[in-house]
Amino acid sequence: MSFSYEGLLSKEFGCRAEHALNVIKLIDDGNTIPFIARYRKEQHGAMDDQKLRELADRLQYLRNLDKRKQEVLASIESQGKLTDELSAAVNAAQTLAAVEDIYRPYKQKRRTRATIAKERGLEPLADWLWEQTAGDPLEEAKTYIDAEKELPDAESCLDGACDILAEGFSDDADIRAKLRPLLFREGVLRSEKVGDGDPVYELYYDFEEPLRRIQHHRVLAINRGEKEGALKVTLKAPHNLAVSMMREAYVFGGSPSSELVGRAVADSWERLLFPSLERELRSTFTEKAQEQAIKMFAVNLKQLLMQPPVRGAVILAVDPAYRTGCKCAAIDATGLVLDTVVVYPTPPQSKTEEAAETLTRLIKKHKVTVIAIGNGTASKETELFCAGLIKELPGVSYTMVNEAGASVYSASKLAAEEFPQFDVSLRSAVSIARRLQDPLAELVKVDPKSIGVGQYQHDMPPARLSDSLDGVVEDCVNTVGVDLNVASAPLLARVAGLGASTAKNVVRYREENGAFPDRKALLKVAKLGPKAYEQCAGFLRIPGGKNVLDNTSVHPESYKAAKDLLSIFDLRLDDVGKMPPLHEWIAERGEETVAKAVGVGVHTLNDIALSLQKPGRDPRDELPPPQLRTDVMDMRDLKPGMTLTGTVRNVIDFGAFVDIGVHQDGLVHISQMANRYIRHPSEAVKVGDVVSVTVLDVDLPKKRISLSMRTENA
């Protein structure tokens with residue numbers, strides 16, 4: 001059976017049905033999301049990469065849903081129980097949960113009280129009770145007494161029949177559909193301390209919140225506390241109201257049989273339905289919370305990866321430590337390692353004078369202008385030392401660099417291949433320097449989960465988290481573009497159409513044959529065929545190559561269109577990057593007219609024009625650079641009312657953490673982020689933003705700093 005999804009997807013994503021259909025076809029033809037987003041805009045109405053990924057995810061869900069429907073229908077049919085009505089209900093189901101509700105009565109179950117009762121032949125008695133006639137249940141049940149079947153009396157027979165009814169009620173898709181929203185509206189999630197608890201979960205020692213209002217990060221925190229044995233979690237529910245709804249659905253008349261059906265209703269709710277719906281609801285809320293956490297992780301990761309590089313600077317990285325000393329590495333403006341050294345300015349050695357002399361010589365020798373200090377162990381003492389050191393070195397400043405994941409990289413096989421001459425600690429120092437120089441190029445070498453810009457990442461479904469974060473890395477790399485002749489294999493592996501093995505082949509070809517003269521030479525690389533070339537070519541740059549278009553984001557398939565566009569305005573390839581405002585000239589003649597003349601759509605025309613005006617354009621250069629410091633503050637120096645400048649390090653559901661240069665990030669709660677109401681912190685800030693904050697409170701024992709971005713607190 002074939003399915004049509006474009007109508008549903010167009011409604012859900014607010015796009016035209018033909019655009020949704022085109023995206024489906026493009027995905028099915030093996031095109032990557034970055035390629036579709038950048039080079040097939042006319043076919044999908046210029047959706048961005050994030051929306052395209054969401055559409056692709058939804059498409060996969062719908063396909064899985066239809067696959068499950070067919071499996072369920074086949075299973076029911078094999079039992080000889082499939083009716084037209086049942087088939088229609090399955091086909092009309094909009095979610096996997098709805099399909100499973102319908103399938104419950106027909107699913108093979110483990111051995112339950114009801115199945116045992118059926119094995120003992122009590123199903124006809126259950127059917128008789130369900131009719132709720134005026135007869136005497138005890139008299140009817142006596143005919144089923146059978147000692148060999150462990151049915152010694154009428155009461156045991158009725159108990160078994162009620163078990164059958166109770167399970168039938170719990171499998172009823174209609175009643176589940178009515179009770180599920182009731183629990184959502186009226187249910188209250190409660191957590192309480194177990195034993196001595198854990199101070200980390202103190203907020204949840206005696207906590208209650210309606211399900212409909214509970215925030216995602218609280219769901220994850222409570223789940224973790226429960227998993228670690230610090231919290232007991234329950235769902236308070238409107239039990240009486242739920243049982244009343246069930247009685248209304250199943251109990252009619254006032255016969256003795258009706259009383260037994262009512263007893264089965266209460267048992268079904270307490271023993272079967274409520275525990276099942278409680279698990280289901282908690283699972284649903286957990287999944288939604290996980291999706292929100294993954295989404296926030298992805299947003300933060302993208303903003304971190306897209307931090308502007310520090311170009312043209314010689315950087316000295318200092319990886320702080322106590323006993324083993326500070327590992328230092330100087331790199332030039334291209335990332336080449338110039339020098340390495342280990343100094344001991346921190347306790348227990350505290351050889352500050354010797355360290356100062358060594359680093360001063362190194363800074364002067366290599367003309368270092370920026371010191372990058374890792375924010376790990378001993379970073380505060382190292383920062384104090386460096387701040388004192390550069391007082392005697394005009395033109396030198398420092399900044400703190402988040403070293404999350406640097407140790408993971410430095411101990412990896414990749415790092416060993418890249419720097420076989422260095423030990424693990426010196427590799428980490430080089431990585432810190434390169435993170436400042438080009439965050440994207442360096443961070444792609446690290447598992448995104450280790451970069452440290454999310455919450456509860458260890459509680460997320462690993463495959464879903466990896467897919468989401470890998471998509472972010474891929475989008476960032478392809479947005480910026482990659483220098484084909486200098487990029488590392490890990491960076492090339494993130495280019496659309498290339499994978500790890502093909503990227504290694506590209507590097508190997510480059511090492512054996514020299515720099516790529518043009519994009520077409522990629523087709524000579526082993527296992528890089530026409531399809532991979534189509535996907536990757538537009539994202540790879542060749543500065544100074546034979547063809548100036550190879551240093552733009554113009555795809556080779558549009559080279560003729562680019563040349564035709566230049567000729568329309570009497571321009572040549574030599575004018576690329578030096579031409580007047582091409583967009584204004586196009587607007588004067590009419591976008592549609594010019595696009596038709598060069599044989600492309602309007603979206604592609606505008607992209608070509610921008611690329612011709614700014615070849616080699618890096619969107620990161622338009623963002624504010626990292627904060628560089630020459631002095632240092634301590635948390636004890638902070639006083640309420642002080643106004644400081646800081647850098648947003650992490651954005652979470654309830655606020656943002658801001659680095660204000662005191663070695664302890666301060667929290668700006670969502671209520672303090674703006675003078676207006678905002679629903680989520682991401683509406684006000686993003687990772688890497690430089691913001692002005694006011695100190696509200698400082699808790700030295702707990703190392704907590706409360707900040708505000710509201711202007712009225714200034």
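Reply: Ala 317 stands opposite Ala 329 in strand 5; strands here are DSSP runs (E, at least two residues), numbered from the N terminus. The model is predicted, so local features need pLDDT of at least 70 and side-chain atom pairs count only at pLDDT 80 or more, while totals for chains, interfaces and linings use all residues. Residues are numbered from 1 along each chain as its sequence is written, and side-chain values use heavy atoms, with hydrogens and water left out.

Strand 4 (residues 315–319) is joined to strand 5 by five bridges, and the two run antiparallel. Two strands pair if DSSP finds at least two bridges between them. Six residues lie between these strands in their hairpin, where Gly 325 has a positive phi near 85°.

Strand 5 also pairs with strand 6 (residues 337–343): six bridges join them, and they too run antiparallel. Here Cys 326 stands opposite Val 343 in strand 6. The hairpin of strand 5 and strand 6 has five residues between the strands, and Gly 335 takes a positive phi near 95°.

Next comes burial. Buried means under 20% relative accessible area, exposed over 50%, and partly exposed in between, with a 1.4 Å probe and protein chains only. Because six of the six residues of strand 5 (residues 326–331) are buried, the strand is largely enclosed by the rest of the structure.

Technical notes. Helices (H or I, at least four residues) and strands (E, at least two) are DSSP runs, numbered from the N terminus.
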